[in-house]
Amino acid sequence: MEGTNLDELGGFLRSRRARIRPQDAGLPDAGRRRRVPGLRREEVALLAGVSVDYYVRLEQGRGHNVSDAVLDAVARVLRLDATERAHLYDLARPPREAEPPAPAAVRPRVRTMLDAIQAPAFLLGRCMDVLAWNALGDAVAGFSAMPPGERNMARQAFLDPAARTLYPRWTEVAAETAAYLRLDAARHPGDPRMAALVTELSAGNPEFRALWEDHTVREKAGGRKLIHHPVVGTLDVGYETLALPGDPDQLIVVYVVAPDSAEAEKLASLATASRGRRG
């Protein structure tokens, strides 16, 4: 990870303006060949109503005390969605953290709630660490078989050779994982564990490096995932992510399937096998 949020701001702004064609922003096509895709810095400044020098300083991470009006104008010009807009604010105004975060603790009631969920479920913490899971979540993902220091969704996706078999749509999983990790990193600048994780992933997987440099950000909300399970075959599951009240850094992820579907039968089979092993 390249240092502070202000250091990251330039890369994010450059990546976002590269997506915008001048004609889509209402600018005339001057007919000149462009050396780089997207809007030039002076064009962003013009459309945002700020001086070129001011925008250049912002992109260089020197735009301290930037106003809401300027950030909103830049977000409008670059067509940022709600997640990207919030990310822009995190980068331009880095949250202050007085000291490194304490090790994550799982509240007993959260463990009880996981066990009560009649679907595969697990708890994510900072850096996409897997903190806890229920029996069916373990039967699907095999968390208990992982070494404790490797129970991390990003490490699994990018450093485990079996991940491309586990996830038939690995490219989608990889992109979503890197995008959420970027978002999480900006919310906690200076977190040494996040810096170490990004360094490890960058060194271990060139595809992660490319995704990280793309500066895409995405919330971990909901979607679909294909999982190739060694016992029951391919599982096509939906998933929903819920932030814990009082601790937004912890997320409960639940895999959801339609009742009476083939996937429901496969999960029932895994649940029965899991109960048998525990018995």
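1. D129 and R193 form a salt bridge, with their closest N and O atoms 2.4 Å apart. This pair links distant parts of the chain, 64 residues apart: D129 sits in the loop between β1 (121-124) and β2 (130-133), and R193 in helix α11 (residues 192-204). D129 is buried, at a relative accessible area of 16%, whereas R193 is partly exposed at 46%. Please keep in mind that this is a predicted model.

2. Because E200 lies in α11 and R155 in helix α8 (residues 153-159), the pair ties together parts 45 residues apart in sequence. E200 is partly exposed, with a relative accessible area of 32%, while R155 counts as buried at 17%.

3. The side chains of R187 and E219 also meet in a salt bridge (2.3 Å, N to O). R187 belongs to helix α10 (residues 170-187) and E219 to the loop between α12 (206-214) and β3 (222-229), so parts 32 residues apart in sequence are tied together. R187 counts as partly exposed at 29% relative accessibility, and E219 as partly exposed at 35%.

4. R16, R19 and E84 are linked in a network of them.

5. Now to the helix pair. The axes of α2 (residues 41-48) and α3 (residues 52-59) come within 9 Å and cross at roughly 115°, which makes α2 roughly perpendicular to α3. The crossing is right-handed. R41, E42, V44 and A45 of α2 meet V52, Y55, V56 and E59 of α3; the contact residues divide into five nonpolar, three charged and no polar.

Conventions: Residues are numbered from 1 along each chain as its sequence is written. This is a predicted model: local features need pLDDT of at least 70, side-chain atom pairs count only at pLDDT 80 or more; totals for chains, interfaces and linings use all residues. Side-chain values use heavy atoms; hydrogens and water are left out. Axes are lines fitted to C-alpha atoms, for helices over the stretch in contact, and angles run from 0 to 180 degrees between N-to-C directions. Helices (H or I, at least four residues) and strands (E, at least two) are DSSP runs, numbered from the N terminus. Angles under 35 degrees count as roughly parallel, over 145 as roughly antiparallel, 65 to 115 as roughly perpendicular and the rest as oblique. A crossing is left-handed if the near helix is turned anticlockwise from the far one by less than a right angle, and right-handed if clockwise. Contact means heavy atoms within 4.5 Å. Ala, Val, Leu, Ile, Met, Phe, Trp, Tyr, Cys and Pro count as nonpolar, Asp, Glu, Lys and Arg as charged, and the others, Gly among them, as polar. A salt bridge is a side-chain nitrogen of Lys or Arg within 4 Å of a carboxyl oxygen of Asp or Glu. Buried means under 20% relative accessible area, exposed over 50%, partly exposed in between (1.4 Å probe, protein chains only).
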